[in-house]
Amino acid sequence: MAKYIGKRLIYMVITLALIATFTFFLMKVLPGSPVASADKLSPEQRAVVEARYGLNDPLPVQYFNYMFGLVQGDLGISINQFKGAEVTDVILSRMGPSAQIGFQGMVLGTVLGILLGMIAALRQNTWVDYTSTFVAIVGISIPSFVFASLLQYWFGLKWDLFPVALWKDGFMSSVLPSVALAMFPLATAARFIRTEMIEVLGSDYITLAKAKGASGSEIAFKHAFRNALIPLVTVLGPMAVSILTGSLVVEQIFAIPGIGEQFVKSIIVSDFSIIMGTTIFFSVFLILIILLVDILYGVIDPRIRLSGGKS
Amino acid sequence: MTQKIDKIPELPKGSFERITLDAHQAERITKPSVSFWQDAWYRIRKNKGALFSLILFGLIVIMAFLGPIISPYEPNAQTITHANLPPKIPVIENLGILDGVGTLGGQEVDLYEMKNVEVNYWFGTDGLGRDMFSRVWKGTQVSLFIAFVAAAIDMLIGVIYGGISGYFGGRVDDFMQRIVEILTGIPNLVVVILFILIMDPGILAIIIALTITGWTGMSRVVRGQVLKYKSQEFVLAARTLGASDSRIIWKHLMPNVLGVIIINTMFTIPSAIFFEAFLSFIGLGLQAPDASLGTLINDGYALIQFSPHILAFPAILLSLIMIAFNLIGDGLRDALDPKMKD
Amino acid sequence: MRNSKIFWLLSLVLVLSAFLAACGGGDDTDTSTETTDGTEGTEPAGDLDSEQVLNLMESAEIPTMDISLAEDAVAFNIFNNVNEGLFRLNQENIAEPALAEGEPEVSEDGLTYTFKLRDSNWSDGTPVTANDFVYSWQRSIDPATGSPYGAYMMAGSIVNATEIAAGDMEPTELGVTAVDDNTLEVQLERPVPYFMSLMSFPTFYPQNEAFVTEKGDAYASNSENLIFNGPFTLTDWDGTGLTWKMQKNPEYWDAETVQLETINVDVVKEPATAVNLYNSGEKDRAGLSGEFAMQYANDENLVTELEPTVFYFKLNQERNGEENALKNVNIRQAIAKGFNKQDLVDVVLANGSLPANFLVPTEFAFDESNADFREVNGDLIEFNAEEAAELFATGMEELGVEEVTLEILGGDTETAKNMDAYLKEQLETNLEGLTINLKAVPFGVRLELDEAQDYDIQTAGWGPDYQDPMTFIDLFVTGSAQNKMSYSNPEYDALVESAKGELATDPAARWEAMAQAEKILLEDDAAIAPIYQRGAMALQQPYVNGIIKHPFGGDFSYKWAYISGKE
């Protein structure tokens with residue numbers, strides 16, 4: 001196991017290095033000027049500014065400087081969005097709220113989704129089943145920005161149950177954004193669990209358990225649920241991605257000082273260092289999730305051998 | 001099976017007939033031979049949800065092409081004096097809905113009367129006085145086009161890449177999988193955004209951006225399936241019986257992999273439509289005045305409290321498409337799974 | 001058995017949601033009391049509430065609070081309220097002495113200004129001296145600082161500024177000296193009639209040398225590393241966050257005028273969210289963009305302000321070094337006359353904007369007899385479909401082409417996209433043979449395309465930097481930074497030059513020269529095609545009083561604002 005994880009970590013570093021390289025050169029072909037207010041600076045001033053941020057160095061030098069900084073956790077300096085701020089600081093200062101609503105949304109969505117899926121499977125082809133399927137499909141059918149603004153309008157403004165927006169009232173502020181983010185995990189988990197449960201419920205060992213006289217709930221929870229849960233781990237990856245994507249929208253709508261909101265802005269103002277830093281940060285997050293999923297998969301389901309896989 | 005039989009009734013003579021064992025008959029197949037597709041069609045027909053979705057989707061596609069034609073207005077034609085009209089449909093208006101009444105400054109008024117508009121806009125108009133009916137259908141057309149092309153490219157690259165990787169295995173597979181791993185490591189959202197920034201914005205940019213990492217999902221699935229089936233007994237059996245490589249690929253591997261490919265595509269299409277809508281939200285969508293469902297929803301969502309029709313129609317249509325595709329996808333998954341043959 | 005489990009789960013969900021609803025209930029009463037209070041109180045202005053707190057929103061975060069580096073509206077607005085220069089725009093938007101004690105002494109040739117400073121303190125209690133100005137200005141003009149506004153505001157006016165910005169002279173040679181702690185002397189290269197209003201611009205504010213040097217790289221990185229001399233101090237700003245506060249500055253020389261104790265500011269980028277926050281009573285003022293302006297057109301709390309910002313098409317005559325159809329003056333005039341501006345402002349923008357047939361905005365610059373520059377120069381290029389069609393046909397004939405395809409490069413905001421879609425339709429309908437392609441890109445990208453002259457038509461806007469028509473008139477002289485469209489007319493250049501130079505001391509002739517230059521630019525050459533002068537709408541709670549909107553520099557002053565009738 002340790003050996004496997006070690007190997008994966010090495011791969012991870014290589015992958016990250018390649019991603020960093022890829023984004024670095026992508027940034028160089030990106031339109032937009034790396035120095036803001038280019039229209040107001042004289043050529044001399046511009047040269048001074050570019051020299052300060054090392055933008056005049058030959059490309060390979062810039063590249064190695066960047067990679068060298070990256071190894072030390074230095075993602076460079078923001079030029080446009082927050083003039084002179086360390087990108088690492090910017091990301092760190094914005095991480096908390098994103099992590100909180102992301103985590104809450106994920107947990108809320110998964111738990112509710114599992115419940116919904118289970119109920120649907122146990123009551124297959126009844127109105128309960130149809131309702132839950134409907135909820136699940138609607139959940140992935142409405143764009144998150146529409147859903148988020150509906151939540152804001154009704155739960156925030158009209159019914160006044162939660163703050164309309166802003167990040168001021170601690171947990172209460174995080175409720176609506178978390179719910180908005182929870183929709184995709186909820187729908188995915190519900191559909192997944194339902195399918196798996198139905199399959200498991202029809203399998204031989206459930207029949208055996210029934211034959212042995214196990215009670216309904218015992219079958220549902222002890223046997224069926226546990227086995228249905230395993231494949232759910234595989235969709236954790238897509239769910240994490242959806243949380244990332246969703247955060248861009250949800251944070252902007254609820255005016256939350258998170259990374260997603262800040263990333264959108266950095267694109268608009270062409271702040272290359274922040275775009276690059278955030279990309280790398282997102283990538284680390286995603287790769288870690290993928291690694292976690294693989295490890296979890298091995299832990300939960302002993303039938304999967306981690307080192308194998310190839311025939 | 002569980003029926004209890006109390007007593008065996010008397011059977012009339014001649015009910016049974018003695019047969020002689022005939023070795024030649026053993027190989028005879030009594031069930032009519034159905035092809036893979038006939039079988040799939042047979043089973044999907046039984047799935048009411050999927051069938052309904054298929055019909056619904058068919059209607060949407062037809063309307064996407066017919067809608068802009070039957071509407072008396074061009075999708076991009078502006079009649080500025082007719083801006084922001086609510087929907088009005090001739091017969092239905094008598095029911096008190098879709099009758100051209102909207103709120104203005106907090107009061108309910110018939111905006112058609114107020115603005116002296118003689119004609120009817122079935123889905124209302126937007127802020128520039130463009131007919132929403134033709135725009136919504138035109139937008140559907142564009143969204144579906146983007147989604148289908150993106151899905152087709154994903155499928156093509158994904159199947160070839162995954163197929164090669166899985167079928168050859170070994171070092172080739174190792175190398176190819178590393179590349180995929182790197183690509184999946186970058187969040188697709190970031191890649192899409194970056195590519196849209198590099199290219200001139202537009203339909204082409206969106207399609208390329210969507211496919212640039214989109215195919216990795218497909219390639220993984222195909223590779224997994226190929227890996228799984230190529231070492232299975234029936235392939236071994238076929239090989240032992242002297243089947244050629246191409247026969248193995250086409251007759252034995254394909255039917256098994258095809259289901260997964262189609263299902264995967266079915267789920268790619270809605271997610272492409274969705275992503276396009278998302279891009280509109282962050283301002284990287286289609287170029288005006290072209291419309292897609294995504295841009296229409298994005299235009300409408302700010303007006304949700306005052307002109308809800310601008311959001312409602314594209315949103316409903318998007319939801320219908322998503323629901324249809326998901327149900328068709330589910331149905332196909334059941335229908336195409338060879339294990340579930342009855 | 002199985003049922004009971006599920007019902008147990010369901011009831012758990014129900015209990016949970018009830019609990020959440022209950023939590024929300026508490027909030028409910030809180031905010032609703034606030035709102036009712038707000039709407040009930042309509043007592044006459046003047047009765048101050050005991051709680052002087054203003055809740056505002058911004059649409060973007062602060063990129064920097066370094067006076068030399070700032071260039072955006074958010075930072076300028078804060079500077080205008082937490083710092084102060086020699087002059088400040090008053091409630092009537094006229095520059096009046098602030099840190100300067102009375103009007104300066106001006107030499108006869110108009111080239112030397114001597115300011116006496118009043119006794120005032122920085123927020124840490126140390127006095128503001130003439131040297132703080134000298135240091136600040138030198139810092140901004142030093143090319144090593146990379147100040148976007150430094151050279152832009154000083155070059156051509158203050159002695160040696162141009163040479164220093166180019167790196168040919170030392171910053172210490174800038175024409176500004178501290179005669180003593182309370183006397184500042186400024187040497188100008190040419191007379192600048194609008195010099196007083198220039199002095200209210202944040203770039204000319206003082207900076208505390210000791211403080212800046214001590215903080216080094218950390219200077220201005222968050223509210224802890226800032227020092228103030230204005231009506232308020234900035235607090236609770238962490239440098240990258242979406243929230244900050246302004247607190248009354250007890251050290252401010254005119255602190256007794258300031259009524260507000262605290263201003264809470266939050267960044268809300270989504271217009272719909274801003275409106276919802278206003279409606280929930282959480283915020284006292286919300287700017288209304290595009291669609292929302294229309295929806296709240298009849299709201300009693302709507303405030304409409306005409307801004308001196310003009311939007312126009314830049315007509316690029318040489319794309320990537322190659323001449324295009326826009327080189328032809330008839331084509332340019334056809335485009336400038338080929339779209340209905342009235343419908344645009346009434347229906348598409350619907351935010352109080354005016355159709356612009358001019359470059360210098362209305363209600364902005366006034367001559368000695370207090371006549372609006374616009375009244376002097378009138379409408380210069382109006383919508384006229386027939387004339388435009390004729391001009392276009394003539395133009396195409398001269399070019400020998402049957403059809404023309406042009407691209408409009410525009411902004412990527414909702415309003416900008418809508419407007420461009422409208423203009424495309426208008427131009428294509430009115431000018432036969434014209435095809436318009438739209439291209440919407442983020443602002444940063446647009447700057448680069450502009451720089452490279454890689455566009456045909458661009459929607460651009462300009463707001464003034466000081467109160468004089470010149471801030472608009474000189475935009476398009478040959479080779480200027482804004483003229484990235486190969487426009488060049490020696491006659492226009494000469495008029496601008498004379499207005500800046502020999503006519504500087506003759507206001508009437510100078511005014512006339514600028515009027516003439518604008519005529520040439522628009523009427524004769526149609527170098528640009530004006531579209532509209534921007535109006536802004538906002539919802540503002542009736543208990544908020546005395547927020548002053550300024551035409552340039554920082555957008556608002558809260559110095560005179562107060563809360564009355566909220567309680």
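How many residues of chain A are in contact with chain B, and how many of chain B with chain A?

## Chains A and B

In this predicted model, 31 residues of chain A are in contact with 31 residues of chain B; two residues are in contact if their C-beta atoms, placed from the backbone, lie within 7 Å. On the side of chain A that touches chain B, the elements giving two or more residues are α1 (2-29), α5 (127-141), α6 (144-158), α10 (236-253), α11 (259-268) and α12 (272-300) of chain A. Helices (H or I, at least four residues) and strands (E, at least two) are DSSP runs, numbered from the N terminus.

That side of chain A has 23 nonpolar, seven polar and one charged residues. Ala, Val, Leu, Ile, Met, Phe, Trp, Tyr, Cys and Pro count as nonpolar, Asp, Glu, Lys and Arg as charged, and the others, Gly among them, as polar.

## Chains A and C

The contact between these chains takes 49 residues from chain A and 52 residues from chain C. In chain C, α1 (2-40), α4 (150-154), β10 (262-267), α8 (271-279) and α15 (443-451) each give two or more residues to the side that touches chain A. The largest share of that side, 11 residues, comes from α1(C). By class, the side of chain C that touches chain A has 25 nonpolar, 15 polar and 12 charged residues.

## Chain B

Chain B has 11 helices and two strands, and its elements run α-α-β-β-α-α-α-α-α-α-α-α-α from the N terminus on. The radius of gyration of chain B, taken over C-alpha atoms, is 28 Å, well over the 20 Å that the globule rule gives for 342 residues, so chain B is more spread out than a compact globule. The globule rule is 2.2 Å times the number of residues to the power 0.38.

Along the principal axes, the C-alpha atoms of chain B fill a box of roughly 90 × 65 × 35 Å. Of the contacts in chain B with a separation of 6 or more, 72% are between residues 24 or more positions apart.

## Conventions

Residues are numbered from 1 along each chain as its sequence is written, while chains are lettered from A and ligands numbered from 1 in the order in which they are written. As the model is predicted, local features need pLDDT of at least 70 and side-chain atom pairs count only at pLDDT 80 or more, whereas totals for chains, interfaces and linings use all residues.
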